[in-house]
Amino acid sequence: MKGVFKYLLPLAVFLVLAGFLAKGLKLDPHEVPSPLIGKPAPAFSLPKLGDQAGKFSSDEMKGRVWLLNVWASWCAACREEHPLLMELARSGQAELYGMDYKDTDADASAVLKQMGNPYRAVAVDADGRVGIDYGVYGVPETYVIDKAGIIRFKQIGPITPEVWNEKIQPLLQGLQR
Amino acid sequence: MKRWFSALLLIVPLMAVAGEAQPLADDPAMEARLKALSQELRCLVCQNQTLADSSAPLAEDLRREIRELIAKGMTDKEITDYLVVRYGDFVRYRPPLKTQTALLWGGPFLLLAMGLVALALVLRNRNRLMKDLPDEDDEEDAA
């Protein structure tokens, strides 16, 4: 009995260790869970891209389920998700609004002209202050905001088809009811 | 003339140094507080650097934000809380003790306890083995 234990103990230790390491492989340390999930989306009022006089205010969105996509012309990963955003805009599956983060209007407009504009409106956060309120630390980031103005989900990094199909779309269906 | 010129040249490096100094010291007390605070806060972009050390654009923005909050008269704790609300406990280099972080704080002590138990077991085992061996001193006495 003692002899068997002697051989089983290292095996048990190995399995526990392997379990932790396997879990660790799947964690991305760059994904810091946002404390804003389940909290009211910070209110903001920012100039609109391509509309000098216009303002985009988060209050306008009360009563609607919408996506706030934080992006910038200098952000390479944003171009990665751009085709998916275009597809979402075309199919009308989501009300997509953009926030142009720490960018110049000229560069942002040029990107939208070249690659297409999936947004109903783009708010311009030129100095990144609203970004700080939203806890933005790496673009692109996308927030799902419900009818009551509560943040329900935050995607850090580009939206992939998997994330859309498995997380965001089912969530939206629930929220829109 | 030549000598004067070389003397002037000696001043050039001094001017270079002056050019690199950053326009920080508007208010030395504020800068000291900013430094102390930002050394306790993590830069979210380059995660193993403090806000004080990082030159990431976000870190610069956050330092600007902290300066403004200090100017508004907020306490250190209020400023830290302001950032925790936005970025979570992760921004703090000393996360608070709560259920979520219990393992983080208690883990080293848990490992220490496990190590001590293992040590005790090994020592007890070794003692038992030693007793089973014939005692050398006794043999010498007998001889």
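Two residues count as being in contact here if their C-beta atoms, placed from the backbone, lie within 7 Å. With that in hand, here are the views, all taken from a predicted model.

View 1. Take the contacts in chain A between residues at least 6 apart in sequence: 73% of them join residues at least 24 apart. Chain A comes with five helices and seven strands, and reading along the sequence you'd walk through α-β-β-β-α-β-α-β-α-β-β-α. Its C-alpha trace spans about 80 × 35 × 30 Å along the principal axes. The radius of gyration of chain A is 21 Å, while a compact globule of 177 residues would sit near 16 Å. As for burial, 34% of the 177 residues in chain A are buried.

**View 2. Helix 2 of chain A and its kink.** Helix 2 of chain A covers residues 76-91, and there's a kink of about 40° at A:His82. Once helix 2 of chain A is done, A:Gly92 follows, with a positive phi near 65°.

**View 3. The buried residues of helix 2 of chain A.** Which residues of this helix are buried? They are A:Cys78, A:Glu81, A:Leu85 and A:Leu88. And what covers them? The cover includes two strands of chain A, namely strand 3 (66-71) and strand 4 (96-101).

**View 4. A:Gln169 in helix 5 of chain A.** Zoom in on helix 5 of chain A, residues 161-176, and A:Gln169 is there. Is this residue buried, exposed or partly exposed? A:Gln169 has 14 other C-beta atoms within 10 Å, so it counts as partly exposed; a buried residue would need 20 or more, and an exposed one 12 or fewer. While you're here, check A:Ala94: its C-alpha atom and that of A:Gln169 are separated by 8.7 Å, with the two residues 75 apart along the chain.

**View 5. Where chain B meets chain A.** On this interface, 13 residues of chain B are in contact with 12 residues of chain A. Two helices of chain B, helix 3 (57-71) and helix 4 (76-87), each supply at least two residues of the side that touches chain A. Helix 3 of chain B gives the largest share of that side, five residues. Sort the residues on this side of chain B by type and you get eight nonpolar, two polar and three charged.

Conventions. Residues are numbered from 1 along each chain as its sequence is written. Chains are lettered from A and ligands numbered from 1 in the order in which they are written. This is a predicted model: local features need pLDDT of at least 70, side-chain atom pairs count only at pLDDT 80 or more; totals for chains, interfaces and linings use all residues. Helices (H or I, at least four residues) and strands (E, at least two) are DSSP runs, numbered from the N terminus. Ala, Val, Leu, Ile, Met, Phe, Trp, Tyr, Cys and Pro count as nonpolar, Asp, Glu, Lys and Arg as charged, and the others, Gly among them, as polar. The bend at a residue is the angle between axes fitted to the seven residues ending there and the seven starting there. The radius of gyration is taken over C-alpha atoms; the globule rule is 2.2 Å times the number of residues to the power 0.38.
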